[in-house]
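Student: I've got a protein on my screen and I'd like to talk it through. Can we go over it together?

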Amino acid sequence: MPPSSIQRDAPSVGARTARVAGLIAVIATTGAVFWRTAYPTITWWDSSSYSLAAATLGITNGPGSLLLTLLGWPITRLAQSSAIAHALNLFAGLIAAGTAAILYLAACRLRAISDPDTRHPRAVAIGATVGAIGFALSASIWEYAVTFTPYILTVFFTALILLTLLTWWAVADTTGSWRWLFVLGLLVGLDFSVHRTNALLLPGALVWISLRHPRTLARWRTWLLGGGGMVLGLTVQLLIIPISRATTSPLNMGNPDTLARWWDYVTLQQLGGHFLLNLWPRNSPLWSNQVADVVRMLGDSLFRTGTHGGFLGLFSLAMVVVGLVALARRRGRLALAVVAVLVLQAVCTVLYFNIPEAYFRSLDRHYLPLLVTLGLLMAYGCVTVAVCMSSCLAAKRWIPAVSGAVALAAVPLLQAVGNAKASDASDRYFTWDYAHNALSSLPPNAIYFTMGDNDTFPLWYLQAVEHERPDVLLINISMTNAAYYLKQLIRDDPKAPLTLSPEQRTEMTSREWTDSVQIGPMSARLQPMFTGTTLLQDVVRLEILRANNWVRPVTLSVTVGEGGLGWLAPFARLDGLHWTVVPAGDPAPDPELLRANLTRNFRYRGLGDTRAPLDRTTRFMGGVYYPAILSLIAATRARDGDVACRRQLEWFTTTLPPDELTLTDEVREALKRACAG
């Protein structure tokens with residue numbers, strides 16, 4: 001080979017080596033962090049339901065995130081039942097590390113398109129590595145990288161879509177560029193089986209294509225290939241039908257086993273239908289609530305190093321600005337395309353989600369794709385600073401070189417330091433402990449009524465995956481309003497006390513409840529649970545009590561609240577995390593049962609560690625122990641006196657610090673008076 005050829009090839013080989021080294025560094029660093037800080041088991045909300053779906057091949061709430069279930073299912077075959085949730089959480093960390101790696105490649109590709117200068121391959125790799133790690137350690141990405149939910153898979157697809165757009169930009173003038181439009185459509189279609197948020201990138205993608213090669217949009221092949229790829233990706237959703245028909249999982253939400261029910265499922269008919277597309281009227285003020293919510297999430301996650309990083313977060317913001325300015329100076333049209341994608345993505349996000357004011361749950365998870373686009377600009381800014389630093393070092397300009405190095409190092413380090421405490425979930429067992437406590441304290445063969453997500457899915461997970469208390473018939477009273485769920489209860493437990501026909505239940509909901517009911521020795525006056533209107537759930541609860549006729553213990557989760565007891569309130573005895581329904585009215589507490597559950601059998605790992613921040617759901621679920629605690633303390637005082645009362649109260653307030661939990665004013669006042677003289 002001639003020397004001239006060797007000289008020309010050397011920079012290319014060096015660039016490839018530097019790029020591979022950077023890629024390995026990104027995957028190794030982020031993967032190690034996420035594996036070290038992953039949840040050891042399930043957590044609240046989506047974690048429990050998606051872990052259960054993956055382990056049992058079930059169907060979660062629409063739109064289902066079926067692709068996540070299919071990817072997680074083989075992981076669950078490789079782990080013991082007690083370690084399945086942890087294995088899935090580790091898998092989420094791999095997806096997050098892969099997302100950071102794709103962002104790294106996208107930043108390198110953006111640099112190659114905007115500036116073909118190949119004199120600083122190591123600097124480019126270092127800058128992209130720093131930016132990708134800084135992005136991965138931002139608060140929101142880290143939060144979802146340690147638990148198995150669809151949201152981390154969504155950002156993985158976002159990064160792939162951005163890399164595909166950049167790749168197409170580089171080859172748009174070649175004859176083979178159509179392949180990347182097919183890939184683009186395929187990725188968007190597949191994401192419909194994850195979370196659909198990336199569909200909001202489509203308007204920006206169209207602007208991207210028109211800015212680079214406007215004639216592409218006028219060709220029929222563009223629409224055929226892009227649309228064909230999307231349709232191919234969408235067909236994954238059809239797998240829902242055979243899975244729904246075959247599954248024995250507790251999760252078969254909506255029972256979408258026919259084409260008609262499948263359509264209702266994917267269009268979210270139970271939640272309002274039409275893919276929840278509701279742009280107007282706005283559910284809350286557009287600017288002060290909806291736009292502000294998105295801005296708050298982006299600021300807290302990427303620019304404030306966690307919760308309150310103050311000016312330190314300006315390092316990340318500065319990299320975004322540097323990246324945008326540098327891109328505009330080098331390739332103005334490309335900078336315009338990136339800005340168009342970001343702005344249209346933000347606009348579509350705000351318009352589509354249309355959140356109500358004071359919504360019960362944060363929607364930060366739905367804004368994550370926006371964070372990826374900003375992360376790309378930040379990584380590109382880091383590349384720009386690294387290249388400038390390399391040039392300064394070559395020219396022996398030490399002050400700007402050192403300043404650049406400090407700025408680069410600050411991006412990932414400040415994110416790591418600022419977010420480590422809140423994001424390290426390696427010793428958080430709050431959800432598993434609650435589910436175990438709730439199940440283990442129930443009497444044998446109990447019928448157990450729950451109400452919402454967090455008092456149901458974790459318990460289903462322990463029953464179906466870890467095989468704890470399979471004797472308990474767990475009934476989510478809210479879901480009994482759906483006919484498919486009643487059929488599923490009978491399928492799972494043929495002895496379930498459900499004896500009425502659908503027509504009989506409908507007839508009972510059509511009239512006002514003013515009569516009394518006699519169930520064995522119990523005599524009670526009927527009334528709907530929450531409203532003046534009789535709902536199917538009211539009928540089902542009465543049906544079960546009548547058909548059961550005291551054969552199996554009937555219990556209700558404390559999470560239904562005293563108001564949720566309804567006409568059963570006079571017959572409910574608080575036994576810890578559940579009320580037990582007894583035939584006689586005004587039952588006295590059972591102090592020994594309370595003492596056994598609350599002081600010996602229950603686990604409270606981490607709730608007493610005030611150094612570890614508790615999320616809002618954990619604070620609420622930790623607070624539901626206190627009504628039973630107050631009952632036990634009152635019994636202790638009556639039997640053993642004030643000294644024993646104060647000793648026991650001190651143990652509970654140390655184990656479950658009231659200031660760290662969500663308690664009603666009534667409970668807080670009762671705690672103050674619990675052992676007063």
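Student: Leaving aside its neighbours within four places in sequence, which residues is Trp 567 in contact with?

Tutor: Keep in mind that this is a predicted model. Contact here means heavy atoms within 4.5 Å. With neighbours within four places in sequence left out, the list for Trp 567 is Trp 513, Val 517, Met 522, Ala 524, Arg 525, Leu 526, Gln 527, Arg 541, Leu 542 and Leu 545.

Student: Which residues make the nonpolar surface patch of about 660 Å²?

Tutor: Let's start with Leu 277, found in the loop between helix 12 and helix 13. Its relative accessibility is 56%, and exposed means over 50%, so Leu 277 counts as exposed. The whole patch is made by Leu 277, Leu 279, Trp 280, Val 339, Val 343, Val 347 and Leu 351.

Student: Is the disulfide of Cys 645 and Cys 675 left-handed, or right-handed?

Tutor: The structure holds one disulfide, and the sulfur atoms of Cys 645 and Cys 675 are 1.9 Å apart in it. Cys 645 sits in helix 27 and Cys 675 in the segment after helix 28, so the pair ties together parts 30 residues apart in sequence. The torsion about the S-S bond is about -80 degrees, so the disulfide of Cys 645 and Cys 675 is left-handed.

Student: And how far away is the nearest cysteine sulfur to that of Cys 388?

Tutor: Cys 388 is partly exposed, at 42% relative accessible area. A disulfide needs sulfur atoms within 2.5 Å. Cys 388 is in no disulfide, and the nearest cysteine sulfur belongs to Cys 392, at a distance of 6.6 Å.

Student: Which residues do salt bridges with shared partners join into one network?

Tutor: Take Asp 300 and Arg 296, whose side chains meet in a salt bridge at 3.9 Å, N to O. Both lie in helix 13, four residues apart, which is about one turn of the helix. Through shared partners, the network joins Asp 293, Arg 296, Asp 300 and Asp 364.

Student: Are Asp 115 and Arg 111 buried or exposed?

Tutor: Their side chains meet in a salt bridge too, at 3.1 Å, N to O. Buried means under 20% relative accessible area. Asp 115 and Arg 111 are both buried.

Definitions and conventions:
Residues are numbered from 1 along each chain as its sequence is written. This is a predicted model: local features need pLDDT of at least 70, side-chain atom pairs count only at pLDDT 80 or more; totals for chains, interfaces and linings use all residues. Side-chain values use heavy atoms; hydrogens and water are left out. Helices (H or I, at least four residues) and strands (E, at least two) are DSSP runs, numbered from the N terminus. Buried means under 20% relative accessible area, exposed over 50%, partly exposed in between (1.4 Å probe, protein chains only). Patches are made of residues with over 30% relative accessible area and no salt bridge: like charges are joined within 9 Å, nonpolar side chains (Val, Leu, Ile, Met, Phe, Trp, Tyr) within 5 Å. Accessible areas come from the Shrake-Rupley method with a 1.4 Å probe; for residues, only the protein chains shown count as cover. A salt bridge is a side-chain nitrogen of Lys or Arg within 4 Å of a carboxyl oxygen of Asp or Glu.
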